[in-house]
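Here is a short report on one protein chain. Read it with the structure in view.

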Amino acid sequence: MTIHELREKSLLSNKPQAAAVFHGKPCRITLIHLPKGGSLPSHVSNSEALLIVVQGSLNYNCNGDSTLLSSLGEQYIPPKVVHDLEAVENSVCILLKQFE
């Protein structure tokens, strides 16, 4: 799935969408689209990851702190930390996740 296809699918449904575009050793690459006001609820990952905002802006929330990320912004996500995302505007991200 391409970024454009994922974005169109998300805008049509008005719900967050995600699709793995690469899954191999040593990482997985996932495209994420969050429509304005959309969110990914609090969750924990067992492995570290890097979130890169390609388009738009969103809040990365972790441990009571909120960081605004905009286009080309990046956020290291440590393992075993509860976090969530909230889209300030239509946003497309790439998540690089190391295998557990």
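## An exposed lysine in a loop

K80 counts as exposed, at 62% relative accessibility. Exposed means over 50% relative accessible area, buried means under 20%, and partly exposed lies in between (1.4 Å probe, protein chains only). K80 sits in the loop between β7 (74–77) and β8 (83–87). Its phi is near 60 degrees, a positive value in a residue other than glycine.

This is a predicted model: local features need pLDDT of at least 70, side-chain atom pairs count only at pLDDT 80 or more, and totals for chains, interfaces and linings use all residues. Residues are numbered from 1 along each chain as its sequence is written, and side-chain values use heavy atoms, with hydrogens and water left out.

N63 is exposed, with a relative accessible area of 65%.

Now look at P26. The peptide bond from K25 to P26 is cis, with omega near 5 degrees. P26 belongs to the loop between β1 (17–24) and β2 (27–34).

Why is β8 largely enclosed by the rest of the structure? Four of its five residues are buried, so β8 is largely enclosed.

β8 pairs with β3 (residues 39–43) in the antiparallel sense, over three bridges. Two strands pair if DSSP finds at least two bridges between them. In this pairing, S39 stands opposite E86. β8 also pairs with β5 in the antiparallel sense, over five bridges. There, Y60 stands opposite L85. In a regular strand the side chains alternate between the two faces of the sheet.

## The whole chain

Helices (H or I, at least four residues) and strands (E, at least two) are DSSP runs, numbered from the N terminus. Along the sequence, the pattern is α-β-β-β-β-β-β-β-β-β. The radius of gyration is 13 Å, close to the 13 Å that the globule rule gives for 100 residues, so the chain is as compact as a globular protein of that length. This radius is taken over C-alpha atoms, and the rule is 2.2 Å times the number of residues to the power 0.38.

Buried residues make up 38% of the 100 residues. Among contacts with a separation of 6 or more, 63% join residues 24 or more positions apart. Contact means heavy atoms within 4.5 Å.
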